[in-house]
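Could you read these comments with the sequence and model open beside you? They are set out as numbered points.

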Amino acid sequence: MQAETLDRRGFLKVSALAGGGLMLSASLPLGGAMAKEAGAAAAMLNAYVAIAADGAVTITAKNPEIGQGIKTMLPMIIADELDVDWDQVKIEQALSNPAIYGAQFAGGSFATPMNWDPMRQMGAVARDMLVRAAAEGWGVPASECTTGSGKVRHQASGREIGYGAVAAKAATLKPADPATLKLKDPKDYKIIGKPTGGVDSPRIVKGQPIFGIDTVLPGMLHAIYETCPVFGGKFKSANLDAVMKQPGVTRAVAIRGGDVADGLVDGVAILGSNWWLVNKARETLKVEWDHGDNARHSTAGYAEQAAQLLAKPAAADVRRDGDPEAALKKAAKTVTARYEYPFLHHSTLEPQNCTALYKDGKMEIWAPSQTPQSGREIVSKALGIPQEAITIHMIRIGGGFGRRLMNDYMAQAAAIAKEMPGTPVKLLWSREDDTRHGFYRPGGWHEFRAGLDKKGRLTAFADHFVTFGKDGKPLTGANIGPTEFPAGLVSDLVIGQSMMASNLPTGFMRAPTSNAFAYVFQSFLDEVAEAAGKDLPTLILELLGEPRQLPGMEFPGRKMPGLHTGRARGVVERVVALSSWQGRPSAHTGRAKGFAFYFSHLGYFAEVVDVSVSPEGEVKPEKIWIVGDVGSQIINPSGAYNQVRGAAIDGLGQSLLGAAVTQADGRVEQSNFHDYPVPRIDIVPPIEVEFLKTDNPPTGLGEPALPPVIPALFNAVYAATGKRVRSLPFQPEMVATA
Amino acid sequence: MRYQVTINGKARKLDADPEMPLLWVLRDELGMPGTKYGCGAGLCGACTVHVDGVATRACQTPVGSIGKAKVTTIEAIGDTPVGAKVQQAWLDLDVMQCGYCQAGQIMSATALLAENPKPSDADIDAAMAGNICRCATYTRIRQAIRQAAGASAETHHAG
């Protein structure tokens with residue numbers, strides 16, 4: 001079995017519709033969940049805003065919360081335009097319902113750019129209805145009324161009325177066309193731009209049940225699901241009767257699935273009264289699997305194939321400008337280097353889990369999923385249940401990082417529940433299941449060549465990228481785009497691509513593709529800069545040239561803007577100043593700074609890392625400076641700084657700790673945090689973050705701060721030791737000087 | 001086997017395999033899911049509880065080994081003055097992102113401060129290195145512990 005290539009557009013299909021806010025027309029039907037929660041007494045002004053007679057405001061949070069803070073941030077936007085005080089507001093999580101809410105997913109750092117306009121409009125439309133209702137009651141023109149703190153005021157007559165008193169009437173008025181309403185001047189924001197704590201945090205610090213794994217339903221059984229350790233294997237037989245005799249076990253059942261990793265795959269479910277007991281019963285489970293030809297795949301085999309592919313010309317061009325081969329021949333100086341990096345795993349701290357109840361032909365699901373609608377489609381297809389008969393509750397998620405864009409666990413929970421009509425079932429994966437059944441960040445290999453002219457200018461650039469693919473298409477997250485920096489800035493340039501097969505399911509991991517490409521391109525460009533006798537910021541500023549917008553990439557229904565060289569210049573220049581960047585050091589002293597820049601997910605980030613390296617090669621990050629440009633407005637500064645720091649530390653972890661997913665005989669070798677390390681508190685240096693506010697629409701922060709920290713770190717390691725890290729996973733021996 | 005264990009000051013009776021880890025007794029037998037499963041191997045700290053005041057990994061603690069020891073979980077840590085201070089510091093500094101690890105972080109931080117009311121940065125790192133935060137909120141975890149210890153946080157809430 002090969003992982004199906006679900007390209008990013010797969011889950012953007014629906015989201016594109018909402019991009020312009022058209023789906024979020026104010027006259028849409030109201031959210032069922034909220035209507036219920038808000039109670040009959042509350043007036044629903046639109047699908048997002050309900051106001052009770054006592055003035056209590058309920059705002060619906062539309063997207064899955066994975067720790068990116070969206071359940072707090074999107075309602076903040078609505079509340080500000082609605083002109084209520086934040087402490088008046090109660091937040092309710094929406095059900096998954098694209099017909100009402102448009103796209104509801106957590107991915108690609110898209111929520112801010114997609115919802116900034118529609119959420120403001122939802123608040124403004126509701127406010128306008130309240131104002132008109134009050135004005136009508138007073139017999140004054142609505143234009144003479146103002147609002148604030150959940151009240152409508154008429155200055156001239158000194159009258160004032162709470163939203164609660166006019167909400168019922170307001171709900172009967174026809175909503176205005178959002179395009180006709182004037183939105184707030186940013187200087188009048190009272191909630192947007194103010195550091196605001198997470199709305200669920202008071203419950204979390206008390207340990208109240210709030211995550212998917214905490215779901216409990218009356219009569220619920222706990223389940224594990226054993227799948228083939230070799231990806232793509234098929235079920236043949238199992239000793240189910242013996243397993244059924246184990247303590248606490250209610251049932252053991254084999255389930256047949258299909259060939260797609262992001263769907264239902266073959267497995268054996270064990271159900272019982274307590275998860276530990278069913279997981280323990282698994283020790284007695286003996287399954288015979290048919291591995292097909294999947295056991296031939298291995299990490300060593302990939303490396304061999306990559307070497308063979310790199311020895312040949314690239315199979316296909318992703319982009320070719322000018323005549324790079326001729327330009328390389330003509331160059332006064334050339335630089336070549338090979339880089340490689342491994343498969344990585346998301347390792348969300350909350351292992352995959354999902355609860356489902358199948359009753360009377362209907363499936364109800366409590367899912368910590370980043371893409372609930374895509375899960376609904378998968379469950380519908382795998383089990384033959386119409387989409388309308390599937391209800392999905394979006395439950396707070398203990399970490400996503402892209403793993404929960406895939407819904408394999410949802411399909412499994414639903415399939416198990418279908419075997420047990422009327423009995424709720426909670427499926428929970430063990431950490432070992434989670435580590436060994438991921439959708440991994442694909443490994444890759446790059447052979448770079450660059451040409452410099454006599455003046456040290458970059459005149460030619462070539463990358464031969466070796467990746468994983470099937471039927472001539474890269475696997476999910478294994479693609480390279482034609483806009484990869486410095487494409488578009490070097491006249492003679494080629495990005496070529498060759499592919500090999502793998503049975504490992506691949507997926508998007510936080511800042512997908514960028515988390516690898518930033519490392520290799522920005523590290524190699526540092527080599528190029530050195531050959532040209534300059535430092536990397538200088539080379540990048542030369543390449544950027546005059547402020548202008550470079551062409552972007554086309555997604556169906558949504559154009560992804562390309563790099564704006566002026567915005568890139570802004571963050572590069574600012575981080576150089578902020579970090580007291582001194583240029584390339586003249587000697588390798590064991591302590592140095594490194595720099596990198598990367599543009600991804602519409603965000604511009606330049607970062608400097610200061611490291612010390614012991615003679616044995618132990619690398620210690622001493623300090624990080626980060627400058628980001630994500631537009632004119634940081635909506636929730638508290639969440640924003642937290643995201644940026646977390647992303648940078650995530651990048652440090654990927655770089656320094658030697659993390660790699662390796663494969664032997666078709667199966668993943670790692671199992672838990674002892675052999676797949678993630679960052680801990682003791683590697684974290686002080687991190688200074690600054691946002692450059694520019695006159696651009698606000699964009700997302702879940703991802704773009706991550707990619708540049710990796711090359712900045714290794715460029716610093718090079719400056720400190722003279723040793724270039726061209727191959728990950730990192731090992732201290734690579735940079736030892738003793 | 002039948003047991004009586006003392007959890008959050010209350011005697012709880014249960015019938016369980018003596019090898020069953022306290023984590024699963026709490027989560028699936030007693031309906032107290034605040035204590036989280038992360039690794040099942042004592043590697044991540046998400047399941048940290050206090051056993052007689054000592055930070056302990058519930059996933060590595062067989063229920064049969066508890067005896068008369070007093071177990072405190074995240075659900076009741078706020079009843080202690082140090083625990084309440086730590087919880088408040090977590091909210092003041094808006095520490096969490098996904099929040100999944102934070103019960104374990106708060107339990108470890110509270111045990112640290114109960115034993116060492118004025119920890120150094122090195123003490124904090126040493127005491128907290130067993131607790132993974134996959135969102136990497138470590139900067140604010142340090143700040144929150146310092147604040148709960150009475151020192152002023154280094155940077156503002158938004159920083």
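Predicted model: local features only at pLDDT ≥ 70, side-chain atom pairs only at ≥ 80, totals over all residues.

Residues are numbered from 1 along each chain as its sequence is written, and chains are lettered from A in the order in which they are written.

1. Chain B has five helices and five strands, where helices (H or I, at least four residues) and strands (E, at least two) are DSSP runs numbered from the N terminus. Along the sequence their order is β-β-α-β-β-β-α-α-α-α.

2. The C-alpha atoms of chain B fill a box of roughly 50 × 30 × 25 Å along the principal axes. Of its 159 residues, 58% count as buried, meaning that 20 or more other C-beta atoms, placed from the backbone, lie within 10 Å of the residue's own.

3. The contact between the chains takes 51 residues from chain A and 49 residues from chain B, two residues being in contact if their C-beta atoms, placed from the backbone, lie within 7 Å. On the chain B side, α5(B) gives the largest share, four residues.

4. In chain A, strand β16 (residues 362-367) runs parallel to β17(A) and is joined to it by five bridges; strands pair if DSSP finds at least two bridges between them. A:Met363 has A:Ile390 as its bridge partner in β17(A).

Terms used
Buried ≥ 20, exposed ≤ 12 C-beta atoms within 10 Å, placed from the backbone.
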